[in-house]
Amino acid sequence: MQQTGLFAEAEIGGAPLPVVGQQKDINYYGAVAHSVLNGPETTGMGFWSVNPYVGCAFGCAYCYARYTHRWVLDRHARANPQNESLQTALKTMQPWLAFERRIFVKQNAADALRKVLRHGSDKHLALLNGDSIVIGTATDPYQPAERRFRVTRSVLEVLADHPGLSVVIISKSPLITRDVDVLKRIARHSSLSIHISLISTDRELARRIEPRAPTPEARLRALGRLRANDIWAGVNIMPVLPGITDGQQQLDTLVRSIAEQGAMYVNTCALRLRSSARQRYLPFIEREFPHLARRYQATYAFDHQVSEDYSAKLRARVRELCERYGVSYGRDRSVGPNEKAREIELVEQLELGFN
Ligand code: SF4
């Protein structure tokens, strides 16, 4: 697990507003972000990141990002002892559940971004130099909150006013197609690529693993709509779950479905289980897939990742399917050598666990 989220969320300050919204069992809190643009020195990566929300309602069993939320909840609860909702969440909710049900909304994200990207500023110049801005490294920028709060859209509006950038968005949600107009405006003057995350076409299986995420069909339709609008978009089959989503027939159906929607690329990586994801995922396997529990314990007992042999076979399998269905394996944009190198480096970094 990289330290990205922790340091990134340190940028949040000030007292949270009271609950700014409720949706079934989810509470949303307003948060004041001093800065929303986290540079390579804080991400520890070769790119900049923006995460409009802290916490994510999609609740994927393998999510690695939960630990960042605990830190933010704890800090706000201590700063606001009178806020009963926060106190209750801190005292009574399991941290993994609070990540999904108590979500902080960086309502001022666009204003904060506009300030740091004022034309000619150091950050603006660095980004013009080719560094990518990745939106959604720690939480999904198009989770249900976005339908109401529109923070991601407001961030994109700012980016659309700044030509010459390299913008990457990672999401599981078809809500991204709501913003096709602003995405097209960005693509007109900057490099824009969309990563849709999808690990299976099996609706029931996906529901067990990613209980509140959009269905696979909805994600595939979103991919098709992005491509129909000539927006550069592909699919990250990440993380592939050993013994659950790595079957030949499963991957065949998945890659064929992705290719049918005109994806620009497919990329893949097997599950990596760093400590925070392990605490949630291994009990989930014991409960939902008990026949795999021992195998998982053995595989991830001494390392956070599968063997190189497994990884190589997985890559070979997906590459072969990509060739069969006519979609690029890995990112292969028609760009200059420097930009291409940066794109490849970015995907390798995303494979380290940044969903
Ligand atoms: S969509 Fe991404 S950030 Fe949200 S729960 Fe799933 S893995 Fe975590």
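**Exercise 1.** Work out how many disulfides this model has.

*Solution.* Start with the rule: a disulfide is a pair of cysteine sulfur atoms within 2.5 Å. Go through the structure with that rule and the count comes to zero disulfides. A quick note on what you're looking at: the model is predicted, so local features need pLDDT of at least 70, side-chain atom pairs count only at pLDDT 80 or more, and totals for chains, interfaces and linings use all residues. Residues are numbered from 1 along each chain as its sequence is written, and side-chain values use heavy atoms, with hydrogens and water left out.

**Exercise 2.** Decide whether cysteine 56 and cysteine 322 are buried or exposed.

*Solution.* Here's the scale: buried is under 20% relative accessible area, exposed is over 50%, and partly exposed is in between (1.4 Å probe, protein chains only). Cysteine 56 has 7% relative accessibility, so it's buried. Cysteine 322 has a relative accessible area of 1%, so it's buried.

**Exercise 3.** Check the span of helix α13 (residues 248-260).

*Solution.* Helices (H or I, at least four residues) and strands (E, at least two) are DSSP runs, numbered from the N terminus. The expected span is 1.5 Å times one less than the number of residues. With 13 residues, α13 should span 18 Å, and its end C-alpha atoms are 18 Å apart, so the two agree.

**Exercise 4.** Classify arginine 150 and aspartate 230 by accessibility.

*Solution.* Arginine 150 sits in the loop between α8 (145-149) and α9 (151-160); at 40% it's partly exposed. Aspartate 230 is in the loop between α12 and β10, and at 65% it's exposed.
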